[in-house]
Amino acid sequence: MTTPRRPSGDLDTICVNTIRTLAIDAVEKADSGHPGTPMGMAPVGYQLWQRQLRFDPADPIWPNRDRFVLSEGHASILLYALLHLAQVKAVNPAYETIGRASVTLEDIKSFRELGSRCPGHPEYRWTSGVEATTGPLGQGVANSVGMAIASLWLASRYNKPGFELFDFDVYALMGDGCMMEGISDEAASLAGHLGLSKLCWIYDNNHITIEGNTALAFSEDVGTIFSGYGWNVTRVSDANDLGSLSKAFQVFRDETERPTLVIVDSHIGYGAPDIVDTSAAHGEPLGAAEVKKAKHSYGWPEDAKFLIPDGVYKHFAEGIGARGSKLRDAWMSLFSDYEHKHPELAAELLAMQRRELPEGWDADIPTFDADPTGVATRDSSGEVLNAIAPRVPWLIGGSADLAPSTKTRLTFAGAGDFEEGNVGARNFHFGIREHAAAAITSGLALSKVRAYWSSFLVFSDYARGAIRLSALMEIPVIHVFTHDSIGMGQDGPTHQPVEQLVSLRAIPGLVVLRPADANEAAEAWRVIMALQHDPVALVLTRQAVPTLDRSRYAPASGLAQGAYVLADPAEGPPEVIIIATGSEVSLAVAAYAELSTEGVAVRVVSMPSCSCSTANPPPTATRCCLLRSGPGSRSRRHPPWGGTAMWAPTVRSSACTRSGPPLRSRISRPSSASPPTRWPTPPATRSNDTASLKHRTSSNHRGDTHDHRDPPGSRPRSEHLVRRHPPIASHLR
Ligand SMILES: Cc1ncc(C[n+]2csc(CCOP(=O)(O)OP(=O)(O)O)c2C)c(N)n1
């Protein structure tokens, strides 16, 4: 067998094989990873990016860019190769594009190593151009439904005659694994129902998963099922047929009423003769001998490693680069005119992009009078939500069919119900699909709208995978859970949340807030709305709880500290400290009153957030008692006043445990008292911005998509939450 000295084939073929061989070499060098799917799907990724995607590599956060979500996140090296070859630029925490590439060749060479921009699975916020963190199968496609909803919602609110600001498409690449996951079916069902024509799922139909052929466990007719969901289904019988792929994408773009599924027949491990179409190609290096054979079959120099032939970068630059730049520049200039014609809407859009709040957003938040009977926190929360939402037009959300119970419905005139034909409405109906609801809400948040969803606390289990990812992505999704204790009524043990609160508190990065009364519920929303990067689980009662008399007890604004002293002994240090959360606080207050009359010196602490508390350990009390619902009441966490586990850095060797930052420190303060700041200075990387919108629309204090994380080995991430503005210089490596 003769070895070619240089790659053969036309430029398209060479580009496709560059992607394949980068994937092979990266996995080989890392000695782990998933080469098979990148080898099989390289032509699909190439054709989509090079000829279809409206995406500017020089500005990967341009608001109207098409989104590409790699839902089969194990094939991450496919995405990294595309990001590299298209020369996508990195974005810093101030949302400025900086000179260096998002993914360098060195990053690809250090695939899966500590500190590489190419971690095992794509991570939002870590690698510019990654639109969502994926890896747990099915999550990415569900996120993509939220993004496609956002495309319609944003268009409905902001597009005006002559100003088609939003029309972006959303592509998600999925494999058999995503196809089998239940969350995907939930999401597909809703997408079909809503007729999300901006959505295109590309199904890598290679019939192989880890254990072998899909025939082991999967035999349904996917096309028929999706047709039944109301999708437009089209097929490409050979993943290598670039012309057919283009036609399929055109079928998608011509479709105006339904989401599109493109079923692509592909061969996992394409080109590697001994492992093609087998599970051996799925998740391990090919091995030196097979690498040579694969490269030979591509007409590639067998011993070349990480080879990027002459002309490849240029070809990408002339394809996706030139097209994206033109589209993006035209959009910037359109927006500049829009600012003059529709200044208020433009200002909204800019604030939304930076996750800031409009002036006076909190002006109507009510204060609740003391009342021993009180009100359920789900009711007070609903009232507060309805006081905020009219002033924050991009606050949208809904429920998984429980809005009458969770009280999350927006009831003011014009709020409307989101459905086909009314895509500017603000009340969403996720149907009884909790897992998809949470992931779709993440997709909305990734598109910069402020989004919430709701259900009963006990059903948070159904959504846990998506909740966890919202925390890992650091996106401000609001998960509202009601019926938070045995006080949920007569439904019985199936509906009684027992371990859910504890398990939500165990998710690193998730702020769990369990307000004690109506005024704490109001303060909770004040805190939540100002969060820019932290998802929240807001945990509320079904039953009425007393509204505490704040002239006797400390103000509810103490909630922002995570925990605060509600009441102290009349004199002297406390002998007993009672710490309680949510509905147990009123019990603690009753105990305080009774014990005080018996001469016992008691302190009561309300601790709406266990993980964010700044409350000090009780140095003087002889006894400390935590009133909590659920099994955690017996075994105290260590330390009980606020320890929480945090994510370990990108290539995670071990988790580290440390105290979470105070809730207060996570909150930005763009209230009526502090109007939005001006934009950061535009960077020098592009000089022809008429509106410099790149910076304005994307400037978000920590950077929302990309490179704000410090390199592994530096301070643990919990501290990043305290230092909200890491120096930009640290990201200019
Ligand atoms: C929710 C979830 N379950 C299990 C896994 C582990 N896993 C990773 S890849 C994979 C098989 C996926 O098969 P397919 O989508 O066909 O990918 P391909 O073999 O074509 O690369 C599994 C089970 C996962 N990442 N996420």
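In which sense do E8 and strand E9 pair, and over how many bridges? In this predicted model, strand E9, which spans residues 260-265, pairs with E8 in the parallel sense, and the pairing extends over five bridges. Within this pairing, Val233 has Leu261 of E9 as its bridge partner.

The two strands belong to an open sheet formed by five strands, whose order is E1-E4-E5-E9-E8 and whose pairing is parallel. Strand E1 (67-70) and strand E8 (232-236) stand at the edges of this sheet, and because each has a single partner strand, one side of each is left without a neighbour in the sheet. On average, and with direction ignored, neighbouring strands of the sheet are turned by 20° against each other. Helix H9, formed by residues 242-254, lies across strand E5 (199-205), E8 and E9, and its course makes an angle of about 175° with E8.

The surroundings of the ligand were examined next. The ligand is surrounded by 21 residues, of which Thr37, Gly175, Asp176, Gly177 and Thr209 are the closest. At least two residues of this shell are supplied by each of three elements, namely helix H2 (36-51), helix H6 (176-180) and strand E6 (208-209), and H6 gives the most, with three residues. By residue class, the shell around the ligand divides into seven nonpolar, 10 polar and four charged residues.

Two residues stand out for their backbone geometry. Most residues other than glycine have a negative phi. Lys448, by contrast, has a phi near 85°, a positive value in a residue other than glycine, and is found in the loop between helix H15 (434-446) and strand E13 (450-456).

The place of Glu474 is in the loop between helix H16 (460-473) and strand E14 (478-482). Is Glu474 buried or exposed? Glu474 counts as buried, because it has 22 C-beta neighbours inside 10 Å.

Conventions: Residues are numbered from 1 along each chain as its sequence is written. This is a predicted model: local features need pLDDT of at least 70, side-chain atom pairs count only at pLDDT 80 or more; totals for chains, interfaces and linings use all residues. A residue is near a molecule or strand if its C-beta atom, placed from the backbone, lies within 6 Å of it. Helices (H or I, at least four residues) and strands (E, at least two) are DSSP runs, numbered from the N terminus. Ala, Val, Leu, Ile, Met, Phe, Trp, Tyr, Cys and Pro count as nonpolar, Asp, Glu, Lys and Arg as charged, and the others, Gly among them, as polar. A residue is buried if 20 or more other C-beta atoms lie within 10 Å of its own, exposed if 12 or fewer, and partly exposed in between; C-beta atoms are placed from the backbone. Two strands pair if DSSP finds at least two bridges between them. Axes are lines fitted to C-alpha atoms, for helices over the stretch in contact, and angles run from 0 to 180 degrees between N-to-C directions. Two residues are in contact if their C-beta atoms, placed from the backbone, lie within 7 Å.
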